[in-house]
Amino acid sequence: MMKIQMILGRAFLFAIICAMMCFSSCKTEQIVPSQEMPKDIGGNWKVIKATRNGTDITNLVDFSKFQVSFNEGKYTLINKLPFLVNQDGSYSLDNPEYPFQIVFTANGAQPIPTAFNYPIVNGVRQLSLTFSPGCPNNTYIFSCYRLLNQACGL
């Protein structure tokens, strides 16, 4: 009799452990993605590398004075060079948290979208614009950095 009670006790304990494992394993966790901060491209940006169709043209054109200034939805071209747009105007990002495209709208002109990349390179935020002004056979990539006297947000 004692032996049967021991076997039943162990079976009951085993059943309780199995039931607890089943109930605890059925919980689904809800994963909430972290909220990404909107990208702030405000400030003055200077070209550090330029390519045309994959060929480096940085040393062929004097980019030393050319800048693009972004401030509160507006952009200003400083010491203009051939660029995607030739007048000041407004800009917008396709997605403020994960932008892949920027749209330039020169004053009085049609919006011009272009590929946009915002990587961190060697610990410094960069801005990369890919565009084809005029001739679709020529693709330019301007890699820029924010001037140090501007607010830097990673």
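Buried here means under 20% relative accessible area, exposed means over 50%, and partly exposed is what falls in between. One thing to keep in mind is that this is a predicted model.

Q: With that cut-off, why does F131 count as buried?
A: F131 has 3% relative accessibility. The limit for buried is under 20%, so F131 counts as buried.

Q: What makes the pair of F131 and F142 edge-to-face?
A: The centres are 5.0 Å apart and the planes sit at 80°. Rings pair if their centres lie within 6.5 Å, and planes over 60 degrees apart count as edge-to-face. Both conditions hold, so F131 and F142 are an edge-to-face aromatic pair.

Q: Which parts does the pair of F131 and F142 tie together?
A: F131 lies in strand 9 (residues 124–131) and F142 in strand 10 (residues 140–146), so the pair links parts that are 11 residues apart in sequence. F142 is buried, with a relative accessible area of 3%.

Q: How many aromatic pairs does the structure hold, and what makes the pair of F116 and Y118 stacked?
A: There are 12 aromatic pairs in the structure. For F116 and Y118, the ring centres are 5.9 Å apart and the planes are at 20°. Stacked calls for planes under 30 degrees apart, so this pair is stacked.

Q: Are F116 and Y118 buried or exposed?
A: F116 has a relative accessible area of 4%, so F116 is buried. Y118, at 7%, is buried too.

Q: Which residues do ring pairs link into a cluster?
A: The cluster takes in F63, F66, F70, Y75, F83, Y91, F104, F131, Y140 and F142.

Q: How do you know that K39 lies over the face of Y98?
A: K39 is at 5.9 Å from the ring centre of Y98. The distance limit is within 6 Å, and the charge must also be within 35 degrees of the ring normal. K39 is listed as lying over the face of Y98.

Q: Where is M37, and why is M37 called exposed?
A: M37 is in the loop between helix 1 (2–25) and strand 1 (43–52). Its relative accessibility is 63%, and exposed means over 50%, so M37 counts as exposed. Leaving out residues up to four places away in sequence, M37 touches P96 and E97. M37 and Y98 are 61 residues apart in sequence, with their C-alpha atoms 9.0 Å apart in space.

Q: What makes the link between the side chains of S69 and N44 a polar contact?
A: The two side chains are joined at 2.7 Å. S69 and N44 are 25 residues apart in sequence, and 4.2 Å apart C-alpha to C-alpha.

Q: Why is S69 called buried, and what does S69 touch?
A: S69 has 16% relative accessibility, so S69 is under the 20% limit and counts as buried. S69 lies in strand 3 (residues 67–71). Beyond residues up to four places away in sequence, S69 touches G43, N44, K74, Y75, T76 and I78.

Q: What about Q67: buried or exposed?
A: Q67 is buried, with a relative accessible area of 14%. Q67 also lies in strand 3. Its contacts, leaving aside neighbours within four places in sequence, are N44, W45, T76, L77, I78 and L147.

Q: What makes the phi of N79 and N122 worth a look?
A: Most residues other than glycine have a negative phi. N79 has a positive phi near 55°, and N122 has a positive phi of about 50° although it is not a glycine. N79 is in the loop between strand 4 (74–78) and strand 5 (89–93), while N122 is in the loop between strand 8 (120–121) and strand 9.

Conventions: Residues are numbered from 1 along each chain as its sequence is written. This is a predicted model: local features need pLDDT of at least 70, side-chain atom pairs count only at pLDDT 80 or more; totals for chains, interfaces and linings use all residues. Side-chain values use heavy atoms; hydrogens and water are left out. Rings of Phe, Tyr and Trp (its six-membered ring) pair if their centres lie within 6.5 Å; planes under 30 degrees apart count as stacked, over 60 as edge-to-face and the rest as tilted. Buried means under 20% relative accessible area, exposed over 50%, partly exposed in between (1.4 Å probe, protein chains only). Helices (H or I, at least four residues) and strands (E, at least two) are DSSP runs, numbered from the N terminus. Contact means heavy atoms within 4.5 Å. A polar contact is a pair of N or O atoms within 3.5 Å; within protein, one must be able to donate a hydrogen and the other to accept it, and residues adjacent in sequence count only if both atoms are side-chain atoms.
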